[in-house]
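New notebook page. I want to look up the overall build first, then a couple of strands up close.

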Amino acid sequence: MQQKAVLPTKTDRLHTEIPITGAEAVIRSLLAESVTTIFGYPGGAIMPVYDALYHYGDRLNHILTRHEQGAIHAAQGYARASGRVGVVFVTSGPGATNLVTGLADAMIDSTPVVCITGQVASHLLGTDAFQETDVMNITIPVTKWSVQVTRPDDIPSAIAKAFYIARTGRPGPVLIDITKDAQLQKAPFSYVPCQGIKTYRPRPVLNMQAVQAAAQLINSSQRPYILAGQGVLLSGAMEALRRLAEKAGIPVANTLLGLSSFPANHPLYVGFLGMHGNYSTNRNTNECDLLIAVGMRFDDRVTGDVSKYARQAKIIHIELDAAEINKNVHADVAIHADAREALEALLPLVKPNQHPEWLESFRQYQQEEYEKIMSRDWFPASGLIKMGEVIHQLSERTRGNALIVTDVGQHQMVTSRYYAFTRPRTHITSGGLGTMGFALPAAMGAALGAPDQPVIAIIGDGGFQMTLQELGTIAQFHIPVKILVLNNSFLGMVRQWQQLFHESRYSFTEMTNPDFVQLVKAYGIPAHRVTERESLASALDAFLEQPGPRFLEVKVEKEENVFPMVPAGASVSDMILEVKA
């Protein structure tokens, strides 16, 4: 039975002259940062911290994942759904190195995570001791900040600094490596939240001259176009974005990570950008006269051939990270600022306007895309079930209100195209790194970070098998995640490229899968399989309506392709709607 310590008062917890162990200082520091949930996996070098955690079960909810990669992806999902910092505990050596994929994912997708790793005792550093790894040099390229702590006195300040760095500016992952002797030794405890660092300025001063220049471009534009990225969500700029778009009559498209920042049912919403985005959103990038990029980084999946990208347009780039400005695309007006602050400053300077003919051009492209692609994907007359009809029906049944977590591959692109997100922070995926195996653990974290929202993980059969051990975590902690696997028995996106660009040489992409339903049932989670179109609607209804975790496998067409598509290295104007036989 778990013991509960008599805890000090809130005031005494932050400062005490009575020496406490470094491990205890870790726990009290997290409480001072209002942490409630930790994801982790214990081991020898982190054991003192876990021993201290044992006495705080009434204040800290620890989720024992089945793999350290699962722990950090869960923390990412928690952070993205809740807007708070995700927290991870793991041990040294392989425990720490198993975090690296998640750290890289969190770094490129701007997710605030604090990872605390155990380390061998300080006198053993550099001796190749059991489970010793140079975690500092391994993680520096994939974190905002990494630090090794060898004295208990330094633990509170390191944690305070870590939380400040992780959540301010462009958010990202931070790692604190604490030697075992630092966890065991004692020191007086004092916790002072970090309010600033001399060498780190996370919030730039807004340049009003740049804002005024941007307003002049918007007011004189005939075909303005807003590209909204994840920076809108991170800064809480959703309302400011909507007001600006409505006031100036500007169509809005979302990047992959920007999905849900602008409601899909809004008349000014024109769709999803990127390699498999909507036809209108990509084509009109090279037809607009003004491109307003908000909180996005012009990555290659959005731009295609950058030398042919929006050459006809003036470009306004609103971006918090100065390193992203003029990195890939030259900005005529660069506003180095928080997205919300910049948009709110723009609002009074922008004149009311409407652009009906420009909006109509999107509608015409949309109609063409519907006739050639969507109608066939949503309402196939015969054949095997299509991914598109599954996602379309799911979107209709949830009215776009569920929190959707996708893995990486064809199902990810189909979901991004066909799920109509209507509420902010309801789309979570691995964007920049493209990490297969992300969705299942991230959905666990999202369900804990947003407990009042239904959470659905949409996964391919390949990605599901990379982290399916986390079914054990879902079962143990009764996490109410709905798991929808679209099974085509292929690594579908790679197979599509092999078909289109490698003369259908399917080199090691076909998969022999286990019986997923029986496997999931072995964890005590109700599971069902759909193979016939006639059963899909009722299966989705039961999947959504029944409480608790549920699993639904849908066997879909094996060699289905996702269109439209911008071929690698092509211009966004060269987007193809279909491949003619």
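Below are my entries, from the whole chain down to single residue pairs.

**Entry 1: what kind of model**
I note before anything else that this is a predicted model.

**Entry 2: overall build**
I looked up the secondary structure and got 24 helices and 20 strands. Next I checked the radius of gyration: it is 25 Å, and the globule rule gives close to that, 25 Å, for 581 residues, so the protein is as compact as a globular protein of that length. For the extents, I found that the C-alpha trace spans about 70 × 60 × 40 Å along its principal axes.

How much of the protein counts as buried? I got 59% of the 581 residues.
Then charges: I have 50 positive and 55 negative side chains down, with the centres of the two sets 4 Å apart.

**Entry 3: the open sheet**
I traced an open sheet of six strands, and its order reads S16-S15-S17-S18-S20-S19, with parallel pairing. Which strands stand at the edges? They are S16 (427–428) and S19 (527–530); each has a single partner strand, so one side of each is left without a neighbour in the sheet.
Moving inward, I looked at one pair. S15 (residues 403–406) and S17 (residues 455–460) run parallel and are joined by four bridges. To find my place on screen I used Val 405, which stands opposite Ala 457 in S17.

**Entry 4: strand S7**
Is S7 buried or exposed? Seven of the seven residues in S7 (residues 173–179) are buried, so the strand is largely enclosed by the rest of the structure. I checked its two faces separately. One side has Pro 173, Leu 175, Asp 177 and Thr 179, the other has Val 174, Ile 176 and Ile 178, and all of these are buried.

**Entry 5: partners of S7**
Which strands pair with S7? I looked up S5 (residues 113–119), which runs parallel to S7 and is joined to it by seven bridges. On that pairing, Val 114 stands opposite Val 174.
I also looked up S6 (residues 145–149), which pairs with S7 in the parallel sense over five bridges. There, Ser 146 has Leu 175 of S7 as its bridge partner.

Conventions. Residues numbered from 1 in each chain as written. Predicted model: local features only at pLDDT ≥ 70, side-chain atom pairs only at ≥ 80, totals over all residues. Heavy atoms only, no water. Helix = DSSP H or I, 4+ residues; strand = E, 2+ residues; numbered from the N terminus. Rg over C-alpha atoms; globule rule 2.2 N^0.38 Å. Buried < 20%, exposed > 50% of the residue type's maximum accessible area, 1.4 Å probe, protein only. Lys, Arg positive; Asp, Glu negative; His and termini not counted. Charge placed at Lys NZ, Arg CZ, Asp CG, Glu CD. Pairing = 2+ DSSP bridges.
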